[in-house]
Amino acid sequence: MSSATTYRICPRSGLQFEAQAEKLILANAVAAVVCLLIGGLLAIGVVLTRWPAVHWLEAATFYQVLTAHGINMLIYWIIFFEIAVLYFCSSTLLRCRIATPRIAWFAFALMFIGAVVNNVAVYQGGSSVMMTSYVPMMAAPSFYLGLILFAVGALIGCFVFFGTLVIAKRDKTYQGSVPLVTFGAIVACIIAVFTIVSGAIILIPTYLQSIGFVEHVDPLIYRMIWWAFGHSSQQINVAAHISIWYLVAAVVFGARPMSERVSRGAFLLYILFLQLASAHHLLADPGVSTEWKVVNTSYFMYFAVLASMIHGLTIPGAMEVAQRQKGFTKGLFEWLRKAPWGNPVFSGVFISIIGFGFLGGISGVMMGTEQLNMIIHNTIYVPGHFHATVVVGTTLTFMALTYYLIPVLFKREMIAPTLAKWQPYLFGLSMYFFCLVMMGAGTLGVSRRHWDMAFDGSALAYEWPGAAYMMMGLVGIGGVVAIVGGAIYIYVTVGSLLWGKRLESGEKSQKVTPIPPTAPAAAAQTYGSMGFVAPGTFTLAMIFLVAFVLYYFINWKYLSTLWGLS
Amino acid sequence: MSAILPPADRLWWKHPIDRVEGTWIALAFVWCMVMFFMMVLWHVYGDQNLSTETYKTTPDAFIANAQAMVDQYTVRTETDLEIPVVAPPAGSDIYLIARLWNFWPILELEKDKTYRLHLTSMDYNHGFSLQPTNLNIQIVPGYEHVLTVTPNQSGEFSIVCNEYCGIGHHMMVGRLYVR
C-alpha cells in the first residue's frame with residue numbers, strides 16, 4: 001500500500017503531507033466542524049431557555065436539546081477534531097505515511113455512523129438523559145449503541161496513530177526524539193485509550209440493560225466508571241490543546257520550548273496523574289471514603305495541576321524568549337504588545353491560554369477540592385467552569401488552529417479575513433463573560449440542567465435572589481454573543497473551503513523528504529530583568545498565582561460559615 | 001520552529017533548567033502541597049466534611065423507617081398535598097426521601113442541635129441542594145447516605161433537586177425549617 005501514495009510539501013508552511021493522511025485529516029476535521037455547527041444551533045435553544053426573561057422552549061424539548069448540545073460539542077466536535085490532530089501530529093510532523101489508511105477510514109466510518117445513530121436516538125425523544133446518562137434513567141438502546149460505535153472508531157484511530165509512529169521510526173524520517181508537539185499528542189492518545197476503554201466498560205452493560213439483557217447496573221458503580229470516561233475525555237482535550245499551543249508558538253513566533261526537559265516532564269505528569277481528576281465528580285456521592293477522595297481529587301498531590309501550571313509558564317515564556325530574540329526587549333511587556341494580535345491563529349491561542357488558566361483552571365481546582373465541592377456541586381457553576389476549560393480552552397484553540405490549516409491543509413485562501421481577525425475576540429471574550437456570570441449564578445446556588453428557575457407548578461417553590469435572575473439574564477446575553485462568534489467561525493471556515501481562492505498545493509513526489517537534523521540551540525540568553533529570560537511571563541504567572549490563592553481561601557472562608565456536617 | 005521538530009539536542013533530558021522555570025516550578029509545587037494538606041487539615045479542624053457513612057438500602061426498607069418517624073413526630077401538615085411537617089428530637093435519626101418529583105417529608109430542626117440525616121432516592125439520581133445556604137449533595141438510588149448535620153442558622157430553607165431527573169425536575173423542591 002505504501003508505494004501508491006504521494007507526498008507534497010506545502011509551499012507556505014514547509015510541512016509535508018502524505019496523500020492518504022491528508023484526506024483523513026480533512027475528513028475528520030470537516031466532520032468535526034459539522035458537529036460544531038449542530039451543537040451551535042442547539043446552543044441557541046439552551047441559552048434562550050435558561051435566559052429567564054425569554055424561557056423559550058418547552059421542558060421536554062429543552063432537555064432533549066441540552067442532551068444533544070452536550071454530546072455534539074463535548075464528544076463529536078472535539079474527538080473528530082482530535083483524531084485529525086493525531087494524524088497531523090504523527091504523519092505530517094514526522095513526515096511519514098499513515099499506517100493502515102483503510103483501517104483509518106473504517107474507524108472514521110464507525111465514528112460517523114455512531115454519531116448519526118446517537119443523534120437520531122436523541123431527536124426521536126425518549127433519550128433525553130443528558131450526556132452523563134446516569135442509570136437507572138434509561139435511554140433508547142440506539143443511544144448507547146451510537147456512543148459505543150463512535151468510541152470503537154476513535155479507539156481504532158488511536159491505534160492508527162501509534163502505528164504511524166512506528167512507521168516513522170522504522171523509515172527513519174526523523175532523528176532522535178519525536179518533536180514536543182508529537183510527544184504531547186502521544187500523551188493525549190495514551191489518555192484517550194484509557195478513557196475509551198472506561199467508557200466501554202460501563203456503556204456496554206448499560207446498553208445490554210436497555211435491551212433487557214442485563215437486569216441491573218449499579219448506579220454508584222456506573223457513576224464511578226462513567227466519570228473515568230467522562231472527565232478523562234477532557235484530559236485528552238487538555239493534552240491535545242496544550243500540544244497545539246506549543247505548535248502555534250512554534251509556527252507564529254518560531255519559538256523553541258524553553259526547556260524540552262521541563263515541558264516533556266510536565267506532559268509525563270499528565271499521563272501519571274491527570275485521570276485521577278475524574279474522581280472529583282464523586283465528591284458529593286455517598287459511599288466513597290475520605291482518603292480516596294483526598295488522594296484522587298488532589299490528582300495525587302496536585303501533580304497534574306503542577307503540570308498545567310508549568311505549561312502555563314513555558315508556552316508564553318517560549319513566545320517571550322522568541323520575541324525578545326527579535327529585539328522586542330523593552331520593559332516587561334513589549335514582546336506581548338508587539339505580538340501579532342491581528343492574526344487569529346495567535347490571538348485565539350493567547351485568549352485561550354489566559355481564559356483556560358484564570359477561569360477554567362482556578363475554578364476547576366476549587367470545585368475539585370473535597371470540601372469546597374459541596375458549595376458548587378451540580379450548580380450552574382459547573383457548566384461555567386467547563387465552558388471555560390472546554391470552550392475557551394479546547395474549542396477556541398481548535399478554531400485558531402483551523403485558521404492556520406485553511407491555507408496549509410485545505411489549500412484555500414481565507415475568505416473574510418477581517419471577520420476572521422475579530423472572531424477570536426468576539427467568541428473568546430464573550431465566553432469569558434458567559435463563564436463568569438454562570439459561575440456567579442452558581443455561587444448563588446442556581447442549579448444546572450434545570451428548565452425553570454421559577455419552579456413553576458411546585459407547591460413549595462423557592463425564590464432565588466434577584467441577583468441570580470440578573471446573572472442568568474447575563475448568561476443569556478453572553479451566550480447569544482458567543483453563538484454569533486461561533487457562527488462567524490463556521491462561516492469563515494466553511495466559506496473558505498467552498499469559495500476561497502484555490503492555492504497552489506506544492507510539488508507532489510513519490511519520495512519522502514526526511515526531517516533534516518535541527519541545528520543546536522543558541523547558548524543561554526542573557527537579557528531580561530531579575531536574570532530571568534522571560535520576566536514578563538513570570539510576572540503574569542505571579543498574578544495568576546495570587547488570584548488563585550485569594551480565590552481558593554475566599555471559598556474556604558465561605559464554607560466555614562455553613563452548617564456543620566460530618 | 002523546534003516544538004514541531006525533533007529536539008536539536010539528542011540528550012534533551014540533560015538540558016539545564018532555566019531560572020525562571022525552576023523558580024516557578026518551586027513556587028507552584030509549594031502551592032500544590034498547601035492545597036493538598038488543606039483538605040486533610042479541614043478533616044481535623046474544620047466543621048464541614050461530607051460523611052462517608054453509607055448503607056445499601058431498598059425503597060421499602062427506607063420508607064418504613066421514614067414512615068415510623070413521620071408517625072411519631074408529625075406536628076402539622078402543609079399545602080394541599082398535606083405534606084407532614086416532622087419535628088424529631090435533637091440527636092435523633094431523621095429521614096428524607098427524594099423521588100419523582102418531591103422531597104418527603106418536611107423536617108423541622110432546632111438550631112445548633114445535631115441530627116443524623118438519612119438520604120436516599122426511590123428512583124433516579126437526585127440532588128440535595130440546600131438553599132439559600134448552598135450546600136449540595138448527590139442522592140443515589142439504592143444507597144442510604146447518613147450525614148451528621150448541625151444547622152447554624154434558623155429560618156426557612158428550601159431543598160432544590162439539582163440533578164436532572166426528568167420532565168418534572170423543575171418542580172422538585174422540598175422544605176426544611178430550623179427553629
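**View 1. Leu565(A) meets its bridge partner Val149(B), which lies in strand 10 of chain B.** Strands here are DSSP runs (E, at least two residues), just as helices are DSSP runs (H or I, at least four residues), and both are numbered from the N terminus. The model is predicted: local features need pLDDT of at least 70, side-chain atom pairs count only at pLDDT 80 or more, and totals for chains, interfaces and linings use all residues. Residues are numbered from 1 along each chain as its sequence is written, chains are lettered from A and ligands numbered from 1 in the order in which they are written, and side-chain values use heavy atoms, leaving out hydrogens and water.

**View 2. Strand 10 of chain B has several pairing partners.** Two strands pair if DSSP finds at least two bridges between them. With strand 7 (residues 115–121) of chain B, the antiparallel pairing runs over five bridges, and Leu117(B) has Leu147(B) as its bridge partner. Six of the eight residues of strand 10 (residues 143–150) are buried, so this strand is largely enclosed by the rest of the structure. Buried means under 20% relative accessible area, exposed over 50%, and partly exposed in between (1.4 Å probe, protein chains only).

View 3. Rings of Phe, Tyr and Trp (its six-membered ring) pair if their centres lie within 6.5 Å; planes under 30 degrees apart count as stacked, over 60 as edge-to-face and the rest as tilted. By this rule there are 44 aromatic pairs over all chains. Phe303(A) and Phe29(B) have ring centres 6.2 Å apart and planes at 25°, so they are stacked. Phe303(A) is buried at 18% relative accessibility, whereas Phe29(B) is partly exposed at 34%.

**View 4. Ring pairs build a cluster with residues from chains A and B.** Its members include Phe544(A), Tyr552(A), Trp556(A), Trp31(B) and Trp42(B).

**View 5. Arginine side chains lie over aromatic rings.** A charge sits over a ring if NZ of Lys or CZ of Arg is within 6 Å of the ring centre and within 35 degrees of the ring normal. The charged end of Arg264(A) is 5.0 Å from the ring centre of Phe183(A). Arg76(B) lies over the face of Tyr177(B), 5.5 Å from the ring centre.
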